[in-house]
Amino acid sequence: SRVEPDGYTFGMVTFGPLAISPHLMKVAYKLDDFDYFGAFAEYVYGLVCSAKRPWKDVRDVVAYAKANPGKLRHSWASHPNALPMLMLAEKENLDVKFVPTTGGSESETLLAGGHVDTDCRHPSILKTFTDEQIRFLHPCGDKRWDIFGRPDRPTLIEMGYDIDVRSFLGLGAPKGLPAEARKILVDAYRKVSNDQRMKDSIFKFGLYPTWIEGPEYAKLIKDGHQMMGPAMQKLKK
């Protein structure tokens, strides 16, 4: 049964289960069942390629894919890992082979060995592999990876592609929370999320510390849900 909005029940309201899962399985909730307090962290993704390929940027990747239909192999462990390449393939009319894996470690091992060509991975890959193993090409979000020590690589947006793929960790509660209780909780979460110690902890996990207010976060979830529908159908083909 549905939990009552009593002010004592709250928790994580994250992008994947809300924007992606409803397109893949039957779920017992709707997007409007939640009161979104805000998002405190972003999962960011970067387009990377095997260092066994000579590509230096996305233009080289596109040129190869156009010259070799069906030959470009893009691995993915979760749906956001596939989405930037899905969008790129649609924009450039590319025939790309999507290779599902059991997890990020398998994807990265295949990539380093040259068994697949591209992937979209988290910044942690910069610590795990050198550019002589896996080459970081571009951030797939709206900002460069200055905070992760790689301000030199332009975003896909800077390269001329309207591609902005991020995922979020957020907080919320069942819809219908009393206004006073909501204000107390949101104010507390906002304060904690903007504390430097909290930001440092989030960064250590390879996420981008942020604070996105509730209404804006709700819009990000709903826009993401709408965008994910067609993309998930293409991935299932």
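In which handedness of crossing does α2 pass α3? In this predicted model, the crossing of α2 past α3 is right-handed. Two packed helices are described by the angle between their axes and by the distance between those axes. For helix α2, which spans residues 58-67, and helix α3, which spans residues 79-92, the packing angle is about 60 degrees, and the axes lie 11 Å apart. The contact brings Val58, Val61, Val62 and Lys66 of α2 together with Met85, Leu88 and Glu92 of α3. By class, the residues of this contact comprise 5 nonpolar and 2 charged, with no polar residue among them.

Helix α3 also takes part in the lining of the largest pocket, where it is one of the elements that give two or more residues, together with β8 (166-174) and α8 (214-236). The space in this pocket amounts to about 270 Å³. Its lining consists of 13 residues, of which Asp164, Val165, Leu220, Gly224 and Met227 are the closest to the centre of the pocket. The greatest contribution to the lining comes from α8, which supplies 5 residues. In terms of residue class, the lining of the largest pocket is made up of 8 nonpolar, 1 polar and 4 charged residues.

The volume of the largest cavity is about 50 Å³. Its lining draws on Val44 and Tyr45, on Pro139, Cys140, Gly141, Asp142, Lys143 and Trp145, and on Arg166 and Tyr208. Divided by class, these lining residues are 6 nonpolar, 1 polar and 3 charged.

One of the residues lining the cavity, Trp145, is also a contact of Pro151, which, once neighbours within four places in sequence are set aside, touches Arg144, Trp145 and Asp146. Pro151 itself is placed in the loop that runs between β7 (134-139) and β8. Between the C-alpha atoms of Pro151 and Glu132, which are 19 residues apart along the chain, the separation is 18 Å.

How values were computed. Residues are numbered from 1 along each chain as its sequence is written. This is a predicted model: local features need pLDDT of at least 70, side-chain atom pairs count only at pLDDT 80 or more; totals for chains, interfaces and linings use all residues. Side-chain values use heavy atoms; hydrogens and water are left out. Axes are lines fitted to C-alpha atoms, for helices over the stretch in contact, and angles run from 0 to 180 degrees between N-to-C directions. Helices (H or I, at least four residues) and strands (E, at least two) are DSSP runs, numbered from the N terminus. A crossing is left-handed if the near helix is turned anticlockwise from the far one by less than a right angle, and right-handed if clockwise. Contact means heavy atoms within 4.5 Å. Ala, Val, Leu, Ile, Met, Phe, Trp, Tyr, Cys and Pro count as nonpolar, Asp, Glu, Lys and Arg as charged, and the others, Gly among them, as polar. On a 1 Å grid over the protein atoms alone, a cavity is a set of points where a 1.4 Å probe fits but cannot get out, and a pocket is an open set with protein on both sides within 12 Å along at least five of seven lines; lining residues have an atom within 4 Å of a point. Grid points are joined across faces, edges and corners, and a volume is the space filled by probe spheres set on the points.
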